Amino acid sequence: MKNFLRRQFLFILLLSFFVCCAVYWLYWHLTPFTADAFVFADTRAVTPWVEGYIADIYVKNNQTVKKGEPLFSTYTPPYELKVRMLEHEIAATAEKLAGCRAAMLQAEAEIQGFEADIANSRYLHSRAQEMLKTAAISEDYAVLQLRNLKVDLSKKSAAQHKRQTILHECRTLEATLKKLSAALDLNKIWHRQTTVTALNDGIVTNMMISPGSYCKPGEVLFALVDTSNWYVQANFKESELSEIRPGTGAVIRLRQYPGKIYRGIVESPRLSAEKRLTSPRSGMTEVKKENEWFLLPQRFPVQIKILDPDEMLNFGASAYVTLDIPSRPFRQFFWELFL
């Protein structure tokens with residue numbers, strides 16, 4: 001037996017090595033596993049709503065903030081003056097509208113006066129026509145009464161047109177007043193937005209601004225990492241995706257905290273592979289040359305929510321992920337080897 005072991009020592013050593021490798025491979029492939037994973041969280045780009053110089057900064061880089069806490073503010077006097085200017089303009093327009101409505105009442109009173117004059121002129125004209133038939137008055141007097149009636153009718157018509165003009169002016173002033181009120185509300189919003197606050201609990205990061213810097217709306221100044229939820233993006237082979245469903249449990253290990261185990265749950269397997277390429281010169285579809293010897297499986301990102309993030313995690317930290325489902329390792333092995 002000793003001689004046999006000596007003669008077959010190399011063979012036994014190689015056999016043991018391959019058996020250990022097979023056991024190791026099976027151990028890591030009995031369930032879907034990947035070391036191609038990293039930690040991430042929802043982030044918000046902090047941008048100003050209004051243009052101006054940064055007057056005050058209330059937080060520091062990598063500082064933890066609460067929702068509603070002020071982050072920074074821009075120079076506010078121009079926006080305060082704009083609000084006051086609109087308030088004065090609204091007051092002036094309101095006074096004009098009040099004067100216009102008073103003129104409307106005056107025009108109504110003038111029309112009523114002209115209606116009384118017309119009634120009197122009609123009466124005198126009708127009396128003149130009756131007296132003219134009996135030759136009690138001259139024809140010139142009857143013509144004069146008719147002319148007075150036409151003058152009163154013309155005055156009433158002019159007063160009615162004047163009232164219509166004043167009515168249009170009042171409506172224009174009312175519309176202008178509404179427009180100014182809307183502009184005032186909008187500028188009050190801009191004025192409030194000179195102070196930018198945190199939209200969620202999180203950590204301020206990548207801040208590289210200082211008081212006096214000029215910023216414009218939509219310009220990204222720094223980021224706010226939402227620490228209420230942490231996730232892991234785990235990239236699994238496409239041969240392992242058939243069994244992965246939303247709600248699948250996961251075991252997560254982080255290099256940041258050796259020996260610590262986190263629990264997670266799959267939220268969504270994402271479809272994000274892209275192989276179609278278009279030439280920027282010709283606009284035609286390009287065919288990328290694949291490896292002629294090995295056709296490696298694609299990897300797809302699977303989003304996993306960490307259920308117990310009791311420690312402060314780092315965005316982008318490396319992770320190892322194992323899913324609580326069988327992976328059918330022999331099927332995968334032969335697929336990758338022969339297909």
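**Entry on the model.** I note that this is a predicted model, in which local features need pLDDT of at least 70 and side-chain atom pairs count only at pLDDT 80 or more, while totals for chains, interfaces and linings use all residues. Residues are numbered from 1 along each chain as its sequence is written, and side-chain values use heavy atoms, with hydrogens and water left out.

**Entry on Phe18 and its surroundings.** I placed Phe18 in helix α2, residues 9-29; helices (H or I, at least four residues) and strands (E, at least two) are DSSP runs numbered from the N terminus. Phe18 belongs to a nonpolar surface patch with Leu10, Leu13, Leu14 and Phe17, and together these residues have about 540 Å² of accessible area. Patches are made of residues with over 30% relative accessible area and no salt bridge, like charges being joined within 9 Å and nonpolar side chains (Val, Leu, Ile, Met, Phe, Trp, Tyr) within 5 Å. The accessible areas come from the Shrake-Rupley method with a 1.4 Å probe, and for residues only the protein chains shown count as cover.

**Entry on aromatic pairs.** I took rings of Phe, Tyr and Trp (its six-membered ring) as paired if their centres lie within 6.5 Å, with planes under 30 degrees apart counted as stacked, over 60 as edge-to-face and the rest as tilted. By this rule the count comes to seven aromatic pairs. In one of them, Phe17 and Phe18 have ring centres 5.7 Å apart and planes at 70°, so the pair is edge-to-face; Phe17 is partly exposed at 49% relative accessibility. Phe33 and Tyr320 form a stacked pair, with 6.4 Å from centre to centre and 5° between the planes. This pair links distant parts of the chain, since Phe33 lies in strand β1 (residues 33-40) and Tyr320 in strand β16 (residues 318-323), 287 residues apart. Phe33 is partly exposed at 22% relative accessibility, and Tyr320 is partly exposed at 25%. I also found a cluster in which ring pairs link Phe38, Phe40 and Tyr231.

**Entry on salt bridges.** I counted a salt bridge where a side-chain nitrogen of Lys or Arg is within 4 Å of a carboxyl oxygen of Asp or Glu, and the structure holds seven of them. Among them is the bridge between Asp226 and Arg44, whose closest N and O atoms are 3.9 Å apart. Asp226 lies in strand β9 (residues 222-226) and Arg44 in strand β2 (residues 43-46), so the pair ties together parts that are 182 residues apart in sequence. Asp226 is buried, at a relative accessible area of 10%, whereas Arg44 is partly exposed at 37%.

Arg163 forms another salt bridge with Glu108, the closest N and O atoms being 3.3 Å apart. Because Arg163 lies in helix α4 (residues 139-192) and Glu108 in helix α3 (residues 77-133), this pair ties together parts that are 55 residues apart in sequence. Arg163 is partly exposed at 25% relative accessibility, and Glu108 is partly exposed at 30%.

**Entry on helix α3.** I read that α3 has 57 residues and reaches 83 Å from its first C-alpha to its last, close to the 84 Å expected at 1.5 Å a residue; the expected span is 1.5 Å times one less than the number of residues. Within α3, Glu130 and Arg127 meet in a salt bridge at 3.1 Å, N to O, and, being three residues apart, they are separated by about one helical turn. After α3 comes Ala135, whose phi is positive, near 60°.

**Entry on the sheet.** I found an open sheet of four strands in the order β6-β5-β3-β8, with antiparallel pairing, where two strands pair if DSSP finds at least two bridges between them. The edge strands, β6 (195-197) and β8 (214-215), each pair on one side only. Strand β3 (residues 52-57) is joined to strand β5 (residues 70-74) by three bridges, and Ile54 stands opposite Thr74 in β5.

**Entry on two loop residues.** I noted that Asn62, though not a glycine, has a positive phi of about 65°; Asn62 is found in the loop between β3 and β4 (64-65) and is exposed, with a relative accessible area of 55%. Asn206 also has a positive phi, near 60°; Asn206 sits in the loop between β7 (202-205) and β8 and is partly exposed at 48% relative accessibility.

Technical notes: Buried means under 20% relative accessible area, exposed over 50%, partly exposed in between (1.4 Å probe, protein chains only).
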